[in-house]
Amino acid sequence: MYIILEIDNVISDDSWRADKIKKEKLMPSGKFHEYNMLCGFDVPGNEWLFDNDHEVVVLTSRPRFYVEPTKQWLLNANISPACLIMREDNDHSSSLQLRKKQLFNFSETMKATADEIVGAYDSQQEIVDMYSDSGIPSYLVSIHREHEK
């Protein structure tokens with residue numbers, strides 16, 4: 001059985017790096033670069049989500065450019081995901097559209113059905129609603145009040 005998690009603000013406390021988002025930049029790669037580069041220093045949170053017997057699936061908005069600090073953070077937090085799907089570097093789709101693609105990719109890669117997913121957790125209501133509409137038990141969870149991205 002699988003549990004689907006986002007990283008930022010769900011299992012890692014990214015609140016301390018929110019001010020690193022360059023809101024004046026138009027391209028996401030410039031807007032979030034410093035924010036994402038510091039991801040390895042986040043403190044884990046909501047450990048109950050990954051401290052269980054379910055296989056963890058991580059679907060994250062972080063671009064693949066940051067795969068190494070992301071994997072290192074997961075390792076340091078004692079999380080060994082069965083599947084890690086990150087945003088492609090040139091994918092500028094909305095969080096909702098991205099997560100739909102990632103869910104499809106996970107289902108195709110792992111041959112998993114909604115019945116095999118015990119829960120999907122995200123800090124954005126529209127993503128939680130999408131999971132629910134897909135027949136997946138879904139929950140709105142956050143470590144802190146979401147900062148504007």
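Four bridges join β1 to β4, and these two strands run parallel; strands (E, at least two residues) and helices (H or I, at least four) are DSSP runs, numbered from the N terminus. This is a predicted model, in which local features need pLDDT of at least 70 and side-chain atom pairs count only at pLDDT 80 or more, while totals for chains, interfaces and linings use all residues. Residues are numbered from 1 along each chain as its sequence is written, and side-chain values use heavy atoms, with hydrogens and water left out.

**The sheet**

- Five strands form an open sheet in the order β5-β4-β1-β6-β7, with parallel pairing, where two strands pair if DSSP finds at least two bridges between them.
- β5 and β7 (138-140) stand at the edges with a single partner strand each, so one side of each has no neighbour in the sheet.
- From one strand to the next, the twist averages 15 degrees; angles run from 0 to 180 degrees between N-to-C directions, and axes are lines fitted to C-alpha atoms, for helices over the stretch in contact.
- β4 and β5 pair in the parallel sense over four bridges, and across this pair leucine 59 stands opposite isoleucine 85 in β5, while valine 58 stands opposite leucine 84 in β5.

- α5 lies across β1, β4, β6 and β7, and it runs at about 170 degrees to β7.
- Helix α4 (residues 95-110) and helix α5 (residues 125-133) pack at an angle of about 35 degrees, their axes being 9 Å apart.
- The contact is made by Ser95, Leu96, Arg99, Lys100 and Leu103 of α4, together with Glu126, Ile127, Met130 and Tyr131 of α5.
- By class, the contact of α4 with α5 has five nonpolar, one polar and three charged residues, where Ala, Val, Leu, Ile, Met, Phe, Trp, Tyr, Cys and Pro count as nonpolar, Asp, Glu, Lys and Arg as charged, and the others, Gly among them, as polar.

**The nonpolar cores**

- In soluble globular proteins, nonpolar side chains tend to be buried together.
- The largest nonpolar core has 16 residues, and those with the most contacts inside it are Ile4, Val57, Leu59, Leu103, Phe106 and Tyr131; such a core is a set of buried Ala, Val, Leu, Ile, Met, Phe, Trp, Tyr and Cys residues joined through side-chain atoms within 4.5 Å.
- At least two residues of this core come from each of β1 (2-5), β4 (55-63), β5 (83-87), α4, β6 (117-122) and α5.
- Apart from this core lies another, of 15 residues, which include Val10, Leu49, Phe50 and Val141.
- Leaving aside neighbours within four places in sequence, isoleucine 4 is in contact with Val57, Leu59, Leu103, Phe106, Ile117, Gly119, Ala120, Tyr121 and Tyr131.

**Individual residues**

- Most residues other than glycine have a negative phi, and most peptide bonds are trans.
- Asparagine 9 lies in the loop between β1 and β2 (12-13); its phi is near 70 degrees, a positive value in a residue other than glycine, and at 2% relative accessibility asparagine 9 counts as buried.
- Lysine 111, in the loop between α4 and β6, also has a positive phi, near 55 degrees, but lysine 111 is exposed, with a relative accessible area of 64%.
- Asparagine 36, found in helix α2 (residues 33-37), counts as buried at 4% relative accessibility, and, not counting residues up to four places away in sequence, asparagine 36 touches Arg17, Arg62, Pro63 and Tyr66.
- Glutamine 72 has its place in helix α3 and is partly exposed, with a relative accessible area of 40%; the C-alpha atoms of glutamine 72 and aspartate 89, which are 17 residues apart along the chain, are separated by 19 Å.

Note on methods
Contact = heavy atoms within 4.5 Å. Buried < 20%, exposed > 50% of the residue type's maximum accessible area, 1.4 Å probe, protein only.
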